[in-house]
Amino acid sequence: MCAESGPAAPAVSLYIHVPFCRAKCRYCAFFSQPRREGALEAYVPLLLEELALWAARLGRLAVPTVFFGGGTPSLLSPQDLERIMGALRRHFDLAPEAEITLEANPESASLDFLRAARSLGVNRLSLGVQSFRDEELALLGRPHTARQAWEALTRARSAGFANISLDLIWGLPGQRESQWLETLRRAVELAPEHLSCYGLSLEPGTPLAEAPEEERALPPERELAHMFLHTGELLEGAGYLQYEISNYARLGQACRHNQACWEGRDYLGLGPAATSTLGALRWTNPEDLRAWTELVQTRRIGLHQRETLSPEIRAQERLMLALRTTRGLDLAEFRSLSGQSLLHSHAAIIQALRQKELVRLGKGRLRLTRTGMLVSSSIIRALGFEEGEP
Ligand code: SF4
């Protein structure tokens, strides 16, 4: 990321949102649409234009990480991916060791696509598996089976991917802990380098959230707590380190892109619905293909939902994101950002949380214990910040 001599070049992580999927999953609240004829063909040139506009405005920035998210980026054709990667290399300083992640879905990750992605420099694959039980995949409305997920991982290995992450979801309606652990064990057997395990949240307006009560009833709190705690134990026993509430990796294989975002570094988001944060400025592209198209064509990039983050908000966000990670919050950094010492301003709360073994203090950092992670939202609220507020 840094030049060998002289000051470090400004660096920015890039996020590229590909807003199309084969079909909409029943739990999904991300901005993505079922792919229509010609949609990707219209999207890619605009994305390239947006990229060029930013490069003209910001200059040739160092890019330590790129993340193709969605949506389903594995719906891109190899030719489209080649055009995007070519533009990235033309406009930005993409170091040879840059981490380049692409999210893929089992049903659309063909061997040809995976080989092309690997040869174009994509070196990390995040595979949306969610469950290794077909009845759970059907409940979620996923367009693939457990077997297809297993086959996609095998194809990814033969295409040369040495850094693969599997996305899984626990806490599904009607799910028993033993069923979740069965999925988790099958995932471990496949030896991915990284696992993301998210608890299902029923997002208002999604088909699953609107389903009849008996279809959407989540497991009881106590069972959910066991699922979370036993996930950590099982994965640690298998050699994965938890580095964030929902993320586990083999040593040295944590996702650098997400870590950069959690550490409050700059990131530039391209494509509809993508958010960017550069210093104290934040903006979010429209969650609408037509509005995003107009924004790019009229060169009004960076203006939609634009805000200047106050020092208080930036400090609160640092606290919220840092407490989700196992490194925890650097108290000196928080003091210099906020102008206040958390240990003084929240002494009684922190003391109470320590007594309940929900947080730990050490080496100038405040960390949540694994039990504390179970109630992270309440702890963050107790420390004076509503999670998700800004
Ligand atoms: S594949 Fe991912 S982004 Fe697409 S609908 Fe399903 S959950 Fe949403």
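**Exercises on a predicted model**

**Exercise 1.** State which residues are around the ligand, and divide this shell by class.

*Solution.* Ala, Val, Leu, Ile, Met, Phe, Trp, Tyr, Cys and Pro count as nonpolar, Asp, Glu, Lys and Arg as charged, and the others, Gly among them, as polar. With these classes the shell has four nonpolar, six polar and one charged residues. Residues are numbered from 1 along each chain as its sequence is written. The model is predicted, so that local features need pLDDT of at least 70 and side-chain atom pairs count only at pLDDT 80 or more, whereas totals for chains, interfaces and linings use all residues.

**Exercise 2.** Describe the confidence of the model, and name the stretches where the pLDDT is below 50.

*Solution.* The mean pLDDT (the predictor's confidence in each residue, from 0 to 100) is 94 for the protein, and 96% of its residues reach 70 or more.

**Exercise 3.** Work out how helix 1 and helix 2 are oriented, and which residues make their contact.

*Solution.* Helices here are DSSP runs of H or I with at least four residues, numbered from the N terminus. Axes are lines fitted to C-alpha atoms over the stretch in contact, and angles run from 0 to 180 degrees between N-to-C directions. Helix 1 (residues 39–58) packs against helix 2 (residues 78–91) at an angle of about 5°, with the axes 10 Å apart. The two helices are therefore roughly parallel to each other, a term for angles under 35 degrees. Helix 1 contributes Leu 40, Val 44, Leu 47, Leu 48, Leu 51, Ala 52 and Ala 55 to the contact, while helix 2 contributes Asp 80, Arg 83, Ile 84, Ala 87 and His 91. By class, the residues of this contact divide into nine nonpolar, one polar and two charged.

Notes:
Contact = placed C-beta atoms within 7 Å. Parallel < 35°, antiparallel > 145°, perpendicular 65-115°, else oblique.
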